[in-house]
Amino acid sequence: MLNVAVFGAGSVGCYVGGHLAGVCDVTLVGRAAAMETVRERGLTLTASDADELRVKPGALRTASDATGVRDADYVLVTVKSAATREAAEAIRPHLRDGAVIVSFQNGLRNPGILREALPGHEVLTGMVPYNVLGVGPGTYHRGVGGALMLDEGAAGARLAGALRDAGLEAETRADMREVQYGKLLLNLNNAVNALSGLPLREQLAQRAYRRCLAQCQEEALAVFRAAGVEPAHLGPAAPDLIIDVLRLPDDDYRQLAAASLDIDATARSSMWEDFQRGRPTEIDTLQGEIVALAAAHGLEAPANARMTALVHEAERAGEPPSWPGPELLAALTQG
Ligand SMILES: NC(=O)C1=CN([C@@H]2O[C@H](COP(=O)(O)OP(=O)(O)OC[C@H]3O[C@@H](n4cnc5c(N)ncnc54)[C@H](OP(=O)(O)O)[C@@H]3O)[C@@H](O)[C@H]2O)C=CC1
Ligand SMILES: CC(C)(CO)C(=O)C(=O)O
């Protein structure tokens, strides 16, 4: 049986780790209070397209420090991007020889940070396509579907097999770098969603918010072209076609892109949850990454820069924001 540790057991970590507990020997490593809850109640994992999964207390181990990774064949890293380097430093002394590290995080740089800090260990790039929200003590809800993705090769194939055995969709891919860029394009909606304060379905149904996203994605695509990167197509069509569709009036959008609105009514971006909890967001690794890439190629990405600034302002304000769409669009498009 594979031994798997999850380092940073929050929304993604508990959802994936909780499923794996049915087929692997799992240790969740997370904050003491969160792990206490798992020890007392176990986990309840829900989704509108799947049966509820109850993971009994005792079906997995918990730890609140990095010693919890010491027996692991695989360590799934699921901390927020700003915590990746610290996570790598914490686990390094405790890893067994041959332990494989998997970054199931958003952003472009986490696998590189892990590789640099953990020489001698294979590091796989992973991608989580769906949103998972903590909705109660020990209870996590997945709002949309999709397959987890990770690097191809023997280590990736073995973990993907375990994930599938655990009832999760999972596939290995040869183009995970392009997948990361494709996912970054989608994650540019995290800030729009978080600033709107609305569930994803309501936010995406409103043209002004979609135009904010389209503006950020258009700049990102120009920057990717300059960088020589072709993002993987993770949506129903090529990214530039999706941008045109995002800009359509609401009725046309609803007809053409019905599937994009077929989302659980409660689903929100992970950045929305950060605002609710008063935590720093990942904006610097999302829109901030586009701004940095643009600068590196002598370009500008003004909408992404303004979005980054607005999110930082909202972090400082300490109150979950609720920007109306037209005002957010005006703030992005007017100097
Ligand atoms: N949630 C989602 O829907 C999705 C998230 N993602 C990505 O997945 C990654 C994880 O996101 P998510 O699961 O939402 O994040 P969470 O914040 O819910 O989970 C991370 C957990 O790790 C804890 N943690 C951080 N550092 C340590 C440490 N040194 N020791 C123990 N625990 C630690 C955090 O505690 P604390 O908060 O106290 O630091 C937090 O509880 C991110 O990159 C995100 O962008 C991708 C797709 C969807
Ligand atoms: C799945 C998605 C795109 C949902 O918004 C996400 O990655 C996130 O919330 O961080």
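**View 1. The residues around ligand 2.** Helix H6, residues 176–196, gives the most to the shell around ligand 2, with 3 residues. The model shown here and in the other views is predicted. Ligand 2 is surrounded by Asn 106, Tyr 130, Asn 131, Leu 186, Asn 187, Asn 190, Ser 269 and Ser 270. Sorted by class, this shell has 6 polar and 2 nonpolar residues, and no charged residues. Both domain 1 (3–174) and domain 2 (177–333) take part, each with at least three residues in the shell around ligand 2.

**View 2. The residues around ligand 1.** There are 25 residues around ligand 1, and those that come nearest are Gly 8, Gly 10, Val 12, Gln 105 and Asn 106. Asn 106 is also listed among the residues that surround ligand 2. Two helices, H1 (11–20) and H3 (84–91), each supply at least two residues of the shell around ligand 1. By class, the shell around ligand 1 is made of 11 polar, 9 nonpolar and 5 charged residues. Ligand 1 lies between domain 1 (3–174) and domain 2 (177–333), because both domains give residues to its shell.

View 3. The protein is divided into domain 1, residues 3–174, and domain 2, residues 177–333. The contact between them takes 18 residues from domain 1 and 18 residues from domain 2. On the side of domain 1 that touches domain 2 there are 9 polar, 6 nonpolar and 3 charged residues. Taken over C-alpha atoms, the centres of domain 1 and domain 2 are separated by 25 Å.

View 4. Strand E9 (residues 132–136) pairs with strand E10 (residues 139–142) in the antiparallel sense, over 4 bridges. In another, Gly 136 has Thr 139 of E10 as its bridge partner. E9 and E10 form a hairpin with 2 residues between them. In the turn, Gly 138 has a positive phi of about 70 degrees.

**View 5. Strand E3 and its two partners.** Strand E3, residues 43–47, pairs with E10 in the parallel sense over 4 bridges. Thr 46 stands opposite His 141 in E10. Leu 43 stands opposite Val 55 in E4. A hairpin through 2 residues joins E3 to E4.

View 6. An unreviewed UniProt entry gives the annotation "domain: Ketopantoate reductase N-terminal" to residues 4–148. Over residues 4–148 the chain is 32% strand and 25% helix. The end C-alpha atoms of residues 4–148 are 16 Å apart.

View 7. Over residues 175–314 the chain is 66% helix and 0% strand. The end C-alpha atoms of residues 175–314 are 35 Å apart.

View 8. The secondary structure of the protein comes to 14 helices and 12 strands. Along the principal axes, its C-alpha atoms fill a box of roughly 55 × 40 × 35 Å. The radius of gyration is 19 Å, which agrees with the value near 20 Å that a compact globule with 335 residues would have.

Methods: Residues numbered from 1 in each chain as written. Chains lettered and ligands numbered in written order. Predicted model: local features only at pLDDT ≥ 70, side-chain atom pairs only at ≥ 80, totals over all residues. Near = placed C-beta within 6 Å. Nonpolar A, V, L, I, M, F, W, Y, C, P; charged D, E, K, R; others polar. Domains from an automatic or database assignment. Pairing = 2+ DSSP bridges. Contact = placed C-beta atoms within 7 Å. UniProt positions renumbered as here; feature names shortened; annotations may be inferred. Rg over C-alpha atoms; globule rule 2.2 N^0.38 Å.
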